[in-house]
Amino acid sequence: MSDDFLASEIEPLEQQLDATYETFQHEHEHEAELAEAVEEVTAPEGLPPVYYKAAIAVLLVLLLLITALWLGVI
């Protein structure tokens, strides 16, 4: 009888725990989807930042080359 009593007490608690965990998991997935959507909406359009950095580096090299030519260093 003791085992039946424990089973009758534990089973509903286990079901509640499973339901709560499932709800938590769905909420976490929903939050992740929302965060991804916000990131997509707020991301700047155009090229990725690495291309802008490469373009700035090339422009700086050209500027140094032109300055060196102008000063007669080269």
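Q: Is Ile74 buried or exposed?
A: Ile74 is exposed, because its relative accessible area is 63%, and the cut-off for exposed is over 50%. Keep in mind that this is a predicted model.

Q: Where does Ile74 sit?
A: Ile74 is in the segment after α2, and α2 covers residues 49-71.

Q: Which residues form the nonpolar patch on the surface?
A: Ile74 is one of them, along with Val58, Leu59, Leu62, Leu65, Ile66, Leu69, Trp70, Leu71 and Val73. Together they have about 1100 Å² of accessible area.

Q: Back to α2. How many of its 23 residues are buried?
A: The number is 1, so α2 lies largely in the open.

Q: And what should α2 span at 1.5 Å a residue?
A: The 23 residues should span 33 Å. The end C-alpha atoms of α2 are 33 Å apart, so the two values agree.

Q: New topic: where is Ala32?
A: Ala32 is in helix α1, which runs over residues 2-42. Its relative accessibility is 41%, so Ala32 counts as partly exposed.

Q: What separates the C-alpha atoms of Ala32 and Leu6?
A: A distance of 38 Å, with the two residues 26 apart along the chain.

Q: Now the whole chain. How many helices and strands?
A: The chain has 2 helices and 0 strands. Its radius of gyration is 31 Å, whereas the globule rule gives 11 Å for 74 residues, so the chain is more spread out than a compact globule.

Q: What box do the C-alpha atoms fill?
A: Roughly 100 × 25 × 10 Å, taken along the principal axes.

Note on methods. Residues numbered from 1 in each chain as written. Predicted model: local features only at pLDDT ≥ 70, side-chain atom pairs only at ≥ 80, totals over all residues. Heavy atoms only, no water. Helix = DSSP H or I, 4+ residues; strand = E, 2+ residues; numbered from the N terminus. Buried < 20%, exposed > 50% of the residue type's maximum accessible area, 1.4 Å probe, protein only. Patch = residues over 30% accessible without salt bridge, like charges linked within 9 Å, V, L, I, M, F, W, Y side chains within 5 Å. Areas by Shrake-Rupley, 256 points an atom, 1.4 Å probe, with all protein chains shown as cover. Salt bridge = Lys/Arg side-chain N within 4 Å of Asp/Glu carboxyl O. Expected span 1.5 Å × (residues − 1). Rg over C-alpha atoms; globule rule 2.2 N^0.38 Å.
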